[in-house]
Amino acid sequence: MPIDPLLKQINPPPRLMMGPGPVNADPRVQRAMAADLLGQYDPAMTNYMNEVMALYREIFQANYHWTFLIDGTSRGAIESALVSIIEPGDKTLVPVFGRFGHLLTEIASRCGAEVIPLYKEWGEVYSAEEIGAALDKYKPKVLAVCQGDTSTTMLQPLEEIGKLCAERGVLSYVDATASIAGNVLNIEDWEIDICTAGLQKCLGGPSGSGPITISDRAAEVIKRRWHVEKGIEPVGFVPGEGSRIQSNYLDLAMIMAYWSPERLNHHTEATSMLYCARECARCILEEGLHKAIARHEIGSRAMVAGVKAMGLELFGDQENKMSNVTGVYIPKEVDGEAVRRDMLLHFGVEIGTSFGPLHGKIWRLGAMGYNARKDAILRVLSALDSCLRLHGRSSTGDDPAIAALEVFKETEKNVPDIEISPVSDSK
Ligand SMILES: Cc1ncc(COP(=O)(O)O)c(C=O)c1O
C-alpha cells in the first residue's frame, strides 16, 4: 500500500483503559518521557540511573543492591531473569495457575531447563503446603511463579513460598508485572531472590521497561556466568566458571556490569523509558506505597459492589483476587465481544476478555495505576450497565455506580487520608 508522506500527526482517540492493562499513563509520567535526551555516560544520566536503583528498591521493598531496569517489555525482564539463572538441564518448578504461568514454563524450557509444571484449575491458587511438598518431591534448582496472573485475576500468596525455597537452597523467581504497587509485595521479607515487573499496570506508565531486583545470593549465581563480549573486556578480566548466559541482550551479568560504577558498555540505555520509570516510582512513593496499595484495594471493593449490583457473577476464588483486576462471567444472554465493542465505541471505555479456556467466558475489569480512581471506576460500571441494556439484558434494578459510590463514601468516612478521588496532577 502506498504511504501518504503527509500522514497526519498521531492523534489517538480519547480512551479510558479499564481492562487488565495497559492503562492510561499518569500525565506526570508522560511529561517526564518528553524530557531532553542525555548521553549514556553523562554524569546527569548515570545519576538518574542510580536514583532509579534506589527508587525501585522501595517499590520492591527489597534492599537488594542489584535493582535496575531491563530495556524491553515485562516479558524481556522475565526472560533476562530466567535465562541468567537457568543453565541447560536445571530443574525448574513452575506452579501454573493461568496464562502467565504457562509463559514461565515456555521461557524456562527455551532456556534448556527441565521444566516441572504444576497445574491448577484457572481461578484457583496454591497453598504453601502444596508448594512445599512439590519442592521436596522434585528438588528443583529454581522455582518460578507469578504473583498476579492477570489472565485469571488471581493473586498467588507468596509470604511463605520464598522462605520455603530459601530453606531448601532453591532460587525463587516471581513475576510481579501485574501486581506490583497495587497488592502487597515484600520481596526481601518474603526472601524472594528475583522479582521482575512492568510499568503498564499499577505503576501507571507505558509498557517498555522492566524493573528487576536480585538478591545477593542470586547475583552470585549470575556472576558465576559472567563472560564479557570481545572488544570490551576490562584489563585482567577473568570470566566466571559457569556457562555463558544463552542470550546476549538479556545477559544479566553484562547488564549488571553496565549498571555498576564501571559502566561497562552493553546496550544503550533507553533514556526516555528510564525517565518514565523514574517518574512512575516517584508518583507511587510520593503518594506512599501502602496508600497506593490501599487505593487499589478500595477500588476493588467498589468494582465488586458495582458488579454485584448489576446481578453479574464474579469469577474465581474471591479470597485470592488481585486488587487491580476483577473477573466477571459474561451473562449468557449477551454477546460479550459486541458489548465490549460498544463500550469502546460509545463510551471510549476499554475492558478485556481473557485467554484460552476463559476467552469469551469472562470480562476483566481493571482499575489500576492512574486509573484506580473513583471517577474511572464509576464510569466503567455505568458504561457496562448501559451497554448490557443496549444488548437486551433487562435491568436487575440496582445502579452499579451508586453501589460503588457507597463503598467510596464509607472509605472516605473511615480512612480519610486515602486519596480515591482523581489523583492530583499538581505535584
Ligand atoms: C502477569 C504478567 N506477566 C507478564 C506479562 C507480559 O508483559 P509484557 O506484555 O509487558 O511483556 C503480562 C502482561 O500483561 C502480565 O500480566
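How many bridges join E5 to E8, and do these strands run parallel or antiparallel? Five bridges join E5 to E8, and the two strands run parallel. Welcome to a short tour of this structure. It is a predicted model, in which local features need pLDDT of at least 70, side-chain atom pairs count only at pLDDT 80 or more, and totals for chains, interfaces and linings use all residues. Residues are numbered from 1 along each chain as its sequence is written.

**A few words to know**

- Helices (H or I, at least four residues) and strands (E, at least two) are DSSP runs, numbered from the N terminus.
- Two strands pair if DSSP finds at least two bridges between them.
- A residue is buried if 20 or more other C-beta atoms lie within 10 Å of its own, exposed if 12 or fewer, and partly exposed in between, with C-beta atoms placed from the backbone.
- Two residues are in contact if their C-beta atoms, placed from the backbone, lie within 7 Å.

**The sheet**

- Seven strands form an open sheet with mixed pairing, in the order E2-E10-E9-E8-E5-E3-E4.
- Strand E2 (66–71) and strand E4 (114–119) are the edge strands, each pairing on one side only.
- From one strand to the next, the twist averages 20°.
- Helix H3 (residues 74–85) lies across E2, strand E5 (142–146), strand E8 (171–175), E9 and E10.
- H3 runs at about 35° to E10; axes here are lines fitted to C-alpha atoms, for helices over the stretch in contact, and angles run from 0 to 180 degrees between N-to-C directions.

- E8 is mostly covered, since five of its five residues are buried.
- Leu171, Tyr173 and Asp175 point one way from E8, while Ser172 and Val174 point the other way, and all are buried.

**Around the ligand**

- The ligand is surrounded by 14 residues, and the closest are Thr73, Ser74, Arg75, Thr150 and Ala178.
- A residue counts as near a molecule or strand if its C-beta atom, placed from the backbone, lies within 6 Å of it.
- H3 and strand E6 (148–149) each supply at least two residues of this shell.
- Sorted by class, the shell has three nonpolar, eight polar and three charged residues.
- In this sorting, Ala, Val, Leu, Ile, Met, Phe, Trp, Tyr, Cys and Pro count as nonpolar, Asp, Glu, Lys and Arg as charged, and the others, Gly among them, as polar.

**Two domains**

- The domain assignment gives domain 1 (35–284) and domain 2 (289–414); such bounds come from an automatic or database domain assignment.
- The C-alpha centres of domain 1 and domain 2 lie 31 Å apart.
- Across the boundary, 26 residues of domain 1 are in contact with 25 residues of domain 2.
- On the side of domain 1 that touches domain 2, helix H2 (43–60) and strand E7 (154–155) are the elements that give two or more residues.
- That side of domain 1 has 12 nonpolar, 10 polar and four charged residues.

**A closer look at Leu381**

- Leu381 is found in helix H12 (residues 374–390).
- Leu381 counts as buried because 27 other C-beta atoms lie within 10 Å.
- Leaving aside neighbours within four places in sequence, Leu381 is in contact with Gly306, Pro400, Ala401 and Ala404.

- Most residues other than glycine have a negative phi, and most peptide bonds are trans.
- A cis peptide bond joins Gly21 and Pro22, with omega about 15°.
- Pro22 lies in the loop between strand E1 (16–17) and helix H1 (27–33).
- Lys139 is not a glycine, yet its phi is positive, near 45°.
- Lys139 sits in the loop between helix H5 (128–138) and E5, and it is partly exposed because it has 13 C-beta neighbours inside 10 Å.
- Ala181 also has a positive phi, about 75°, although it is not a glycine.
- Ala181 is in the loop between E8 and E9, and it is buried because 29 other C-beta atoms lie within 10 Å.
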